[in-house]
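Here's a quick briefing to read alongside the model. Have the sequence and the 3D view open as you go.

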Amino acid sequence: MRIRPLRAADSEPLAELYLRDREFLRQWEPDEPDAFFTPRGQHESVAEALRESAAGRMLPWIMELDGRPVGRINLTNIALGHLMGASVGYWVPRAFGGRGYASSAVGQLLEIAFFELGLHRIDAYVRLDNAASRRVLDKHGFRAVGVSRGHLHAGGRWHDQVCLQKLAPWDDGERLGPGFDDAYLAPTV
């Protein structure tokens, strides 16, 4: 299983996956209109994700196995400059759950985020009752930093979520990124 950038051509296969998981998703995800679960709705959703990516606010990927999508993973709320962080979110359809795809995807995303993009911190929010997602993040060294009350509306009510964070493996409390040194910080004259 590998992650690869989301493409417009992923709309139809994603619509099939979302439609199959629609009832299951009601308890976990914000309510979506009926159109979201159609090829046209996914085309619009994918197009929006690609626009956000072009603007530098999001990096959307597909989890892919043998040429077919088995989930999504996104890096969102990308902040550069003095923050150098982002948030991760992912979804694996029930049919593909429990096979390690989410864990593999998070591992691949962390490599990209920390060593290709030079980000310093990745955040994730997980509902208190989502033990499977929590295990994925725990496996990759995310640490709980607090609870966000009433963070997400899904299944007809507001849910608290645990905020977890992972700092870059190269973090020493001083460096701005992997391979940067004090010369990078020196003013130019």
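This is a predicted model: local features need pLDDT of at least 70, side-chain atom pairs count only at pLDDT 80 or more; totals for chains, interfaces and linings use all residues.

A residue is called buried when its relative accessible area is under 20%, exposed when that is over 50%, and partly exposed in between, using a 1.4 Å probe and protein chains only. Numbering starts from 1 along each chain as its sequence is written, and side-chain values use heavy atoms, with hydrogens and water left out.

**The sheet**

- Helices (H or I, at least four residues) and strands (E, at least two) are DSSP runs, numbered from the N terminus, and two strands pair if DSSP finds at least two bridges between them.
- Seven strands make up an open sheet with mixed pairing, in the order S1-S2-S3-S4-S5-S7-S6.
- Strands S1 (2–5) and S6 (143–154) sit at the edges with a single partner strand each, so one side of each has no neighbour in the sheet.
- On average, neighbouring strands are turned by 30° against each other, direction ignored; axes here are lines fitted to C-alpha atoms, for helices over the stretch in contact, and angles run from 0 to 180 degrees between N-to-C directions.

**Around strand S4**

- S4 is mostly covered, with six of its seven residues buried.
- On one hand, S4 runs antiparallel to S3, joined by six bridges; Ala79 has Gly85 in S4 as its bridge partner.
- S3 and S4 form a hairpin with five residues between them, and Gly81 in the turn shows a positive phi of about 70°.
- On the other hand, S4 (residues 85–91) runs parallel to S5 (residues 121–127), with three bridges joining them.
- Bridge partners here include Ile122 in S5 for Ala86 and Arg121 in S5 for Gly85.

- A nonpolar core is a set of buried Ala, Val, Leu, Ile, Met, Phe, Trp, Tyr and Cys residues joined through side-chain atoms within 4.5 Å.
- The largest such core has 45 residues, and Met63, Ile73, Tyr90, Ile122 and Phe142 touch the most other members.
- Helix H4 (residues 101–116) gives the most to this core, nine residues.
- Contact means heavy atoms within 4.5 Å; leaving out residues up to four places away in sequence, Tyr90 touches Met63, Arg72, Ile73, Ala102, Val106, Ser133, Val136 and Leu137.

**Aromatic pairs**

- Rings of Phe, Tyr and Trp (its six-membered ring) pair if their centres lie within 6.5 Å; planes under 30 degrees apart count as stacked, over 60 as edge-to-face and the rest as tilted.
- The structure holds four aromatic pairs.
- Phe36 and Phe37 pair edge-to-face, at 5.1 Å centre to centre and 80° between the planes, and both are buried.
- Phe96 and Tyr101 have ring centres 6.4 Å apart and planes at 45°, so that pair is tilted.
- Tyr101 counts as buried too, because its relative accessibility is 11%.
- Tyr18, Phe36, Phe37 and Trp91 are linked into a cluster by ring pairs.

**Asp138**

- Asp138 lies in helix H5 (residues 131–139) and is partly exposed, at 38% relative accessible area.
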